[in-house]
Amino acid sequence: MKFTLSWLKEHLETDASLDEILYALTDLGLEVEGVEDPAARLGAFTIGKVVGAEKHPDADRLKVCQVATASGEVQIICGAPNARQGITVVIAQPGTYVPGIDTTIQVGKIRGIESHGMMCSEREMELSEEHDGIIELPSGEVGERFVDWLAAHEPTRVDPVIEIAITPNRPDALGVHGIARDLAARGLGKLKPIAHATIEGGFESPVKVHLDEAAKDGCHAFHGYYIRGVNNGPSPEWLQRKLRAVGLRPISALVDITNYFTYDRNRPLHVFDADKVSGDLTITRAKGGEELLALDGKTYTIPEGVLVFADENGVESVGGIMGGEESGCTEGTVNVVLEAAYWDFVQIANAGRALKITSDARYRNERGIDPGYNRQAADDAAAMIIELCGGEASTLIEAGELPDTDRAYKLRPKRIESLVGMEIPEAAQRASLEALGFVLEGDMAHVPSWRPDVKGEADLVEEVARIASLTGLVGRPMARAQVGVPKPILTPRQQRERSARRTIASLGYNECVTYSFIDEATAQIFGGGTDATRLENPISSEMSHLRPALLPGLLQAAARNQARGASEMALFEVGTAFHGGEPGEQRLLATGLLVGATGPRDSFGSRREVDIYDAKGDCEAVLAALGAPERCQIRREAAGWWHPGRSAVMALGKNVLAVYGEIHPKVLREMGVKGPAVGFTIWPDAVPAKKAKGASRGAVKLADLQAVERDFAFVVGADVAALDLINAARGADKALIEDVRLFDEFIGGSLGEGKKSLAITVRLQPTDKTLTDEDIAGVSAKVVEKVAKATGGELRG
């Protein structure tokens, strides 16, 4: 929406500066997108007087002029035919940028004589296309700024053009009068009342307007006049200047008047050449396939159902969007039919999109015009036509009935203060709404007809806050619910989820956020894909089931990355997996996936493929961060998508905490992932809660006695797990044995088939006395006994 400052001041009596107006517009929600201020580019030009002019000795068309300026008398070489002694001119002194010739003036020599500036023409200053000679001013003082002279004598030449962005809910701001109303409500001036006209018709219109029953839901009402005997010449200079300033091309008085009302009062109008209309006009719906040569010179095929004006010959105009060339006004137009109609917003928008027509009329009609002004707009426009073009108006042409837009909402000042967050006196609230056109009856606010966006009490709050300005809000800290340090707001489950996410990320994994839906085939691989997790209305066949685990999403992400050249990946996700479709049939999981090698190739040969121990180490680190016990049972009962011999489950009795290991090669093939790939899945909710509720830690207990380590080598069956042997040794004396570690495994040699040797180190840590040889021997015997009983192993000789 474009308008000039002087146009705005025709509706707003104000002394506010341009900057104050621009700031207020943006603060009111009418964001300023740009300002074209001619005064800004002309600020350096001053007024001078030619006190002498002589012919240049070396050029027939040049004159050497002595010019009185603010800095004294200077010499300027000029080639304009009207340069002479005694005229008042506009001076560009050295250092001044001249926009019309894109040059900064410097002191220079012209045919051997110095010139200290330039006397300007209108085109050189981009005031007009006039360049036959330099500017001659009828008045002006030497040294006076040219823009100040223009502001006093020809203000329209330095009139700033303001462009604002209008949101779809503010059609009232698509007219200059509506913008002025907002500024007046803010306190930047006083809104000037519009002088409305009254037309007393002298005859009955020979052209009637009918409204089809099928079109009444799209065109609510029509008002207009038949005006005979008009003279459609050029519009007055003041009107042409207004239209040019906002980017419109003046065409003729009749067309320019309709464009003026469009921008001045958000009231699109249309004028038919009555002599080109055959019979009466009917507002009806297109049957489909009709063609119309529109005013933009294009021919459109009208879709079925679009609202149109039609006469006996066919379609003459697309209602509310664009008129037709056949019935358009020309210089020879004598009799016209003025149209002011109120249309349904949505139907205008649909028709405009279907026809792909963008026009000022459509832009306003699809957002909403003021139904309360429709009848008066016809009178005001008819009066201007008669004033500028002459002629005589008929009695009112009327069809349809305007809808009842009266509505009221309760004004609750205390509630408004509470929602806005600042003190706004009740009197100020009421004054703001009244300045915007609301009618207050007690605590009920009646909405003006030009505000279709106000549809509830919340909108009253917005209007009051908008006028009061949210820049008045003062930040205040929220009051604490209780004195002292506030309690944690995260639940234990949320704390665990955050801890798991941060720990896995600190281990070098990249977090993924995958869809909770996967395809049925993939879900079945990971133990899902049942009817209980099937979606009733999936968005695609690849998202038909709730995911039974997080691993499929990570594997799909790995496959996509491998397809793009990424070979080493560390991915993780913390989220929910589902084993049913009912509330509560889901569990929080934390899953990590390692693919490829441990790192890039280097000269030290440290690069290797990821294995089960990488997954185990990371899994144990996350469990430790979640507060899991240091010692857990390791069992080989992982699900089928894990490698049967290279995976394990970590549990406390029947409570499974995690699973880790290699991904089954068959699963990798199904998912399109090139191995090796290892991973882990942790159930954070399964980790037992800490017994101590406080944040403090117990005292550190440091042993002050010497620890003793003893090594044992046992020959056991090849199928015996090393962990079983370690747990047996650890249970020999829980008070003395601090740690048991495996340090060697030997298979073959003299051991024979089906045997292997496992070597462990047992660390003994006394607490009350130094261990003697007898004490150490007794514990060693218990270790051998426990291992033999648990694994059938024998001490290796």
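**Exercise 1. Determine how helix α19 is oriented relative to helix α20, and which residues form their contact.**

Solution. The model is a predicted one.

Step 1. Helix α19 covers residues 722-730 and helix α20 covers residues 773-791; their axes come within 8 Å and cross at roughly 140°.

Step 2. An angle over 145 degrees would count as roughly antiparallel, and 65 to 115 degrees as roughly perpendicular. The crossing angle of roughly 140° therefore makes α19 oblique to α20.

Step 3. The crossing in which α19 passes α20 is right-handed.

Step 4. On the α19 side, the contact involves Asp 724, Leu 725, Ala 728 and Ala 729; on the α20 side, it involves Val 783, Lys 786, Val 787, Ala 790 and Thr 791. Sorted by class, this contact comprises six nonpolar, one polar and two charged residues.

**Exercise 2. Classify Leu 725 as buried or exposed, and list its contacts beyond four places in sequence.**

Solution. Step 1. Leu 725 belongs to helix α19.

Step 1. The threshold for a buried residue is under 20% relative accessible area. Leu 725 has 1% relative accessibility and therefore counts as buried.

Step 2. With neighbours within four places in sequence left aside, Leu 725 is in contact with Phe 714, Val 716, Leu 758, Ile 760, Val 787 and Thr 791.

Step 3. As a distance check, Leu 725 and Lys 756 are 31 residues apart in sequence, with a C-alpha to C-alpha separation of 12 Å.

**Exercise 3. Describe the strand order and pairing in two open sheets, one of five strands and one of three.**

Solution. Step 1. The open sheet of five strands runs in the order β15-β18-β21-β22-β23, and its pairing is mixed. Its edge strands, each pairing on one side only, are β15 (209-211) and β23 (322-323).

Step 1. Strand β15 pairs with β18 (residues 281-285) in the parallel sense over three bridges; His 210 stands opposite Thr 282.

Step 2. The open sheet of three strands has the order β27-β29-β28 with antiparallel pairing. Its edges are β27 (408-410) and β28 (439-441). On average, neighbouring strands of this sheet are turned by 30° against each other, direction ignored.

Step 3. Between β27 and β29 (residues 444-446) there are three bridges, with Ala 408 partnered by His 446.

**Exercise 4. Locate the cis peptide bond from Gly 675 to Pro 676, and account for the accessibility classes of Asp 102 and Glu 126.**

Solution. Step 1. Most residues other than glycine have a negative phi, and most peptide bonds are trans.

Step 1. The bond from Gly 675 to Pro 676 is cis, with omega near 0°. Pro 676 is placed in the loop between α18 (665-671) and β38 (677-682).

Step 2. Asp 102 has a positive phi of about 50° and lies in the loop between β8 (97-98) and β9 (103-104). Its relative accessibility is 56%, so Asp 102 counts as exposed.

Step 3. Glu 126 has a positive phi of about 60° and sits in the loop between β12 (118-119) and α4 (146-153). At 42% relative accessibility, Glu 126 counts as partly exposed.

Notes. Residues are numbered from 1 along each chain as its sequence is written. This is a predicted model: local features need pLDDT of at least 70, side-chain atom pairs count only at pLDDT 80 or more; totals for chains, interfaces and linings use all residues. Side-chain values use heavy atoms; hydrogens and water are left out. Axes are lines fitted to C-alpha atoms, for helices over the stretch in contact, and angles run from 0 to 180 degrees between N-to-C directions. Helices (H or I, at least four residues) and strands (E, at least two) are DSSP runs, numbered from the N terminus. Angles under 35 degrees count as roughly parallel, over 145 as roughly antiparallel, 65 to 115 as roughly perpendicular and the rest as oblique. A crossing is left-handed if the near helix is turned anticlockwise from the far one by less than a right angle, and right-handed if clockwise. Contact means heavy atoms within 4.5 Å. Ala, Val, Leu, Ile, Met, Phe, Trp, Tyr, Cys and Pro count as nonpolar, Asp, Glu, Lys and Arg as charged, and the others, Gly among them, as polar. Buried means under 20% relative accessible area, exposed over 50%, partly exposed in between (1.4 Å probe, protein chains only). Two strands pair if DSSP finds at least two bridges between them.
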